[in-house]
Amino acid sequence: QVQLVESGGGLVQPGGSRRLSCAVSGFTSDYYVIGWFRQGPGKEREIVAAMSYEGQYTYYADSVKGRFTISRDNAKNAVYLQMNSLKPEDTAIYYCATSFRMASMMNGEYDYWGHGTQVTVSS
């Protein structure tokens with residue numbers, strides 16, 4: 001089974017940066033996709049960024065392109081989301097998640113996810 005634990009959230013000023021981490025265990029299939037989704041108060045769940053297991057493909061939501069970067073450290077079994085130029089609209093609970101297919105990830109269909117970490121962007 002796959003387990004994911006997010007960390008790194010907190011309060012950040014608009015224009016600031018934050019780095020989220022996701023500790024992953026049990027991620028063994030080459031066909032799995034890992035990514036981040038978020039859900040703000042009163043908003044629908046949104047896939048933010050995703051990466052295929054082998055790293056040959058990445059996806060970013062239009063709302064975060066040029067500001068967020070997904071990366072991984074295979075040695076540490078960790079996935080990261082570097083968030084720059086943060087906006088109040090980025091305020092949400094951020095979750096890392098896995099899907100069997102990239103299409104499923106983009107469609108909000110996740111196989112596993114963590115408990116999330118709160119990111120609040122405010123002055």
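Predicted model: local features only at pLDDT ≥ 70, side-chain atom pairs only at ≥ 80, totals over all residues.
1. Two strands pair if DSSP finds at least two bridges between them. Helices (H or I, at least four residues) and strands (E, at least two) are DSSP runs, numbered from the N terminus. On that basis β1 and β3 run antiparallel and are joined by five bridges. Leu 4 has Val 24 of β3 as its bridge partner.

2. Residues are numbered from 1 along each chain as its sequence is written, and side-chain values use heavy atoms, with hydrogens and water left out.

3. The open sheet. Four strands stand in the order β1-β3-β8-β7, with antiparallel pairing. β1 (3-7) and β7 are the edge strands, each pairing on one side only. On average, neighbouring strands are turned by 20° against each other, direction ignored. Axes here are lines fitted to C-alpha atoms, for helices over the stretch in contact; angles run from 0 to 180 degrees between N-to-C directions.

4. β9 and its partners. β9 is largely enclosed by the rest of the structure, because seven of its eight residues are buried. Buried means under 20% relative accessible area, exposed over 50%, partly exposed in between (1.4 Å probe, protein chains only). β9 pairs with β4 in the antiparallel sense over seven bridges; Ile 34 has Thr 98 of β9 as its bridge partner. Three antiparallel bridges link β9 to β11, where Gln 118 is the partner of Ile 93.

5. The cores. A nonpolar core is a set of buried Ala, Val, Leu, Ile, Met, Phe, Trp, Tyr and Cys residues joined through side-chain atoms within 4.5 Å. The largest has 25 residues; Trp 36, Phe 68, Ile 70, Leu 81, Met 83 and Tyr 94 touch the most other members. Elements giving two or more residues to this core include β3 (18-25), β4 (33-39), β8 (78-83) and β9 (92-99). Another core, of nine residues, lies apart from it and includes Phe 37, Ala 97, Met 102 and Met 105.

6. Tyr 94. Contact means heavy atoms within 4.5 Å. Not counting residues up to four places away in sequence, Tyr 94 touches Glu 6, Trp 36, Arg 38, Phe 68 and Val 119, among others.

7. Ala 75. This residue lies in the loop between β7 and β8. Ala 75 counts as exposed because its relative accessibility is 75%. Its C-alpha atom is separated by 27 Å from that of Val 64, eleven residues apart along the chain.
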